[in-house]
Amino acid sequence: MKGVWNLDIENLVNEYGDRLFKYIYRMTRNKEDAEDILQEVFIEMIRIQNPKKIDNIKSYLYRTSYHCTVEYINKKKKVSFLKNLKGKMPSAEDEVLQNHLDPMLEKGLKQLNDEEKTIFLLRVLEEMPFVK
């Protein structure tokens, strides 16, 4: 399937789908949620109007995956909150950190801004190289 700007989405899915799924799954720890989010990532790719602004497609896919995951978790929390009417809910990032990372690492990551957190997680968890 080709997107608005003739990018072969099928090739992107074949090349990056498994790695992106693992990345998303590490944040959600739920197979169905990870599949839903991954689908949304590729839908976002189809919607892109100007691909010439994307310097690195891999990096763009991972950033989109991160943002789609955070958005998905936040939506899920809102539904849960309305159902349970409980107190303050932590942010999506806090939930990922709380449920899936070592306490010392969690403490350090909380000191980073969103961009620094994403860079760290991509470098450590996905073993992606630093790019200038």
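These legends go with several close-up views of the predicted model. Local features are shown only at pLDDT of at least 70 and side-chain atom pairs only at pLDDT 80 or more, while totals for chains, interfaces and linings use all residues. Residues are numbered from 1 along each chain as its sequence is written, and side-chain values use heavy atoms, with hydrogens and water left out.

View 1. E15 sits in helix 1, residues 9-28. Helices here are DSSP runs of H or I with at least four residues, strands are E runs of at least two, and both are numbered from the N terminus. With a relative accessible area of 47%, E15 is partly exposed. (Buried is under 20% relative accessible area, exposed is over 50%, and partly exposed is in between, using a 1.4 Å probe and protein chains only.)

View 2. R29 belongs to the loop between helix 1 and helix 2, the latter spanning 31-47. Its backbone is the thing to check: phi of R29 is near 55 degrees, a positive value in a residue other than glycine. R29 comes out as partly exposed, at 43% relative accessible area.

View 3. Side chains of opposite charge can pair when their charged atoms come close. The whole structure has three salt bridges, each a side-chain nitrogen of Lys or Arg within 4 Å of a carboxyl oxygen of Asp or Glu. In this view K31 meets E35, at 3.0 Å from N to O. Both residues are in helix 2, four residues apart, or about one turn of the helix. K31 is partly exposed at 46%, and E35 is partly exposed at 36%.

**View 4. R47 and its two glutamate partners.** R47 bridges to E40, with the closest N and O atoms 3.7 Å apart. R47 also pairs with E44, where the closest N and O atoms are 3.0 Å apart. E44 and R47 are three residues apart in helix 2, about one turn of the helix. Shared partners tie E40, E44 and R47 into one salt-bridge network.

**View 5. Two aromatic pairs.** The structure holds two aromatic pairs. F21 and Y25 have ring centres 6.1 Å apart and planes at 20 degrees, so this pair is stacked. (Rings of Phe, Tyr and Trp, the last by its six-membered ring, pair if their centres lie within 6.5 Å; planes under 30 degrees apart are stacked, over 60 edge-to-face, and the rest tilted.) F21 and Y25 are four residues apart in helix 1, about one helical turn. F21 is partly exposed at 22%, and Y25 is partly exposed at 30%. Y23 and Y62 make an edge-to-face pair, 5.2 Å centre to centre with 65 degrees between the planes. This pair links distant parts of the chain, 39 residues apart, with Y23 in helix 1 and Y62 in helix 3, residues 57-84. Y23 and Y62 are both buried.
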